[in-house]
Every structure is written in structure tokens, then in C-alpha cells.
Amino acid sequence: MDNINQLQDLIDKTNHIVFFGGAGVSTESGIPDFRSHNGLYNQDYAYPPEQILSHSFFSTHPHVFFHFYKQKLLTLGAEPNPAHIQLAKLEQAGKLKGIITQNIDGLHQKAGSHHVIELHGTINNNYCLHCHKHYPPLKIKHAETLPTCTCGGTIKPDVVLYEEPLDQSRWQAAVSLINQCELLIIGGTSLTVYPAAYLVDYFQGEHLVVINTTEINQHKAGLFISDSIGSVFSKLEIMS
Ligand code: CNA
């Protein structure tokens, strides 16, 4: 049986599936990831992206942060690709119990998924650091200088920057999902960002499948599919 048929077989016979993904899930929607050859970490900027996307840099260089953020991460025009769409169908079919994503682009929800844990937050929520008033992403996009609240405070996207802790309720929900699933599909992630990557340690189920264009360090994987995730998911038959 080839890799795709093996995955199809696992999906057909399992009713408790969880998907854990990263930036690679959205590259086929035109959003660059961090660590691929043409990812954001391999382009030239005045500062390394890891530094720009840190809490201390946000506080000390907000103009540079927002310039980078608006250009590279505020991807409001992007559309879901077959991976997002088929995962939404799997949820509708009652097989997929949840998606844990490190992405901030909101594309799983745009594709119709409901149970999505956004470990690193989302570009779709933004709030004033002073009075906590919420703002839509267009407020950030259209700000000519720093996005500023009516109270004068700076508006920050609700995305987790380096040096910032994860939201504990999201983390607990993710641990519980992974802990209870029978089939875990990991896709489009280098599994190098912590603590997110520790989540795999909580998996106790039967089957772990990895779909990634490059090899990643995941010894628990029984099946590794070295292909782009949109292409893999578009070959699966999912009854909704
Ligand atoms: P990463 O470290 O850039 O790794 C991406 C992985 O996906 C690499 O191993 C690639 O080889 C692989 N990959 C790329 N394209 C595909 C594809 N089409 N099919 C299968 N595999 C592919 O990204 P991680 O998600 O592991 O790192 C976590 C960071 C990236 C999180 O904090 C995210 O917020 C952040 N990020 C998110 C987005 C987004 O929201 N779309 C974009 C860029 C970065």
C-alpha cells in the first residue's frame, strides 16, 4: 500500500483524530513559513525575524515590528488550501476532534473548522495594551503609524511573541486533545518551536503520521509522508 492509501486507511478506521500543524499548512495558500528555503528566516532584513518578533523588540522598536508584521504576517487576503478544506470536512464527518495550530492566520476557521486551538494566537484579535478594547485586523492594516486606541494606548495583535508565555487554557485544551486521540496527524511544522513541540510527548494513541516536505525529528511517527500537505489532503476521500 502506498503512503496515501495507508493514511486513507487509518482515517477510515479511526474516529478520534487530532491534527497538529504549523506554518507549512499555509504555504500553499501563499503565506511563507519561517524555516523553508524561501521562508521568512531566509530573507534579508535589518534585524533577524526572531528578534523582530520578540516581546522586547515590540516594546523598543514598535515601528519596525509593525512594518514587518503588516508586510509578512497580516495575511488578510489569503484563502484556505485543500489541507484546510479537507480538515474541515473531517471535523464535519465527526472524525476529527480538533486542530491544534501554531499558525496565526485564521485559515482553518475560514475553511469551516470550529474546534481550533490557536496556540500562538491570531491576527484576527487585537487589543489595546492600556484599556483592553478590541479591534479588527483592518485597524492594524490601515494604521499609518502605530495602531493606536481611542484612549491613546498602543494596539497589539493577540499573537504570542518570543519571550511571551502561552495562554494556559489553550495549552491545557491542546494537551487534553492530544492525550485522548487515537490518530495524531502532524503536518507542516519543523517542530522546533517550544513549548508547542512538547505537545507530541502527550500523545498516547495508536498511530502518528507526519506530513512534511522536509524530514523532522519525530521518532514516534509510524508513517512519514514527504510531500506538500495540500497535495496529500487533496488525494484523500473524506465523506462529510
Ligand atoms: P517552520 O519552522 O517555518 O516550519 C515549517 C515546516 O513546514 C518546515 O519543516 C517545512 O519544510 C514544512 N513545509 C513547508 N511547506 C509545506 C507544505 N506545503 N507541506 C508540508 N510541509 C511544508 O514553522 P512552524 O510552524 O514549525 O514554526 C512555528 C512558528 C511559525 C509559529 O510560531 C507560527 O506562528 C509561525 N508562522 C506562522 C505563519 C502562519 O500563521 N501561516 C506563517 C509563518 C510563521
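The ligand takes up the space of the largest pocket. A pocket here is an open set of points on a 1 Å grid over the protein atoms alone, with protein on both sides within 12 Å along at least five of seven lines. This is a predicted model, where local features need pLDDT of at least 70 and side-chain atom pairs count only at pLDDT 80 or more, while totals for chains, interfaces and linings use all residues. Residues are numbered from 1 along each chain as its sequence is written, and side-chain values use heavy atoms, leaving out hydrogens and water.

So who's around the ligand? The shell holds 28 residues, the closest being Ala-23, Arg-35, Asp-105, Thr-189 and Ser-190; to be near, a residue needs a heavy atom within 4 Å. Sorted by type, the shell has eight nonpolar, 15 polar (Gly among them by convention) and five charged residues.

Here are some polar contacts, meaning pairs of N or O atoms within 3.5 Å:

| Protein atom | Ligand atom | Distance |
|---|---|---|
| Glu-28, polar side-chain atom | nitrogen | 2.8 Å |
| Ile-104, polar backbone atom | oxygen | 2.8 Å |
| Gly-188, polar backbone atom | oxygen | 3.3 Å |

Taken alone, the ligand exposes 860 Å², and the protein buries 95% of that (Shrake-Rupley method, 1.4 Å probe).

On to the cysteines. The whole structure has zero disulfides, a disulfide being two cysteine sulfur atoms within 2.5 Å. For Cys-128, the nearest cysteine sulfur is that of Cys-151, 3.6 Å away. Cys-128 is buried at 0% relative accessible area, and Cys-181 is buried at 3%; buried means under 20%.

Terms used
Buried means under 20% relative accessible area, exposed over 50%, partly exposed in between (1.4 Å probe, protein chains only). A polar contact is a pair of N or O atoms within 3.5 Å; within protein, one must be able to donate a hydrogen and the other to accept it, and residues adjacent in sequence count only if both atoms are side-chain atoms. On a 1 Å grid over the protein atoms alone, a cavity is a set of points where a 1.4 Å probe fits but cannot get out, and a pocket is an open set with protein on both sides within 12 Å along at least five of seven lines; lining residues have an atom within 4 Å of a point. A molecule sits in a cavity or pocket if more than half of its atoms lie within 2 Å of its grid points.
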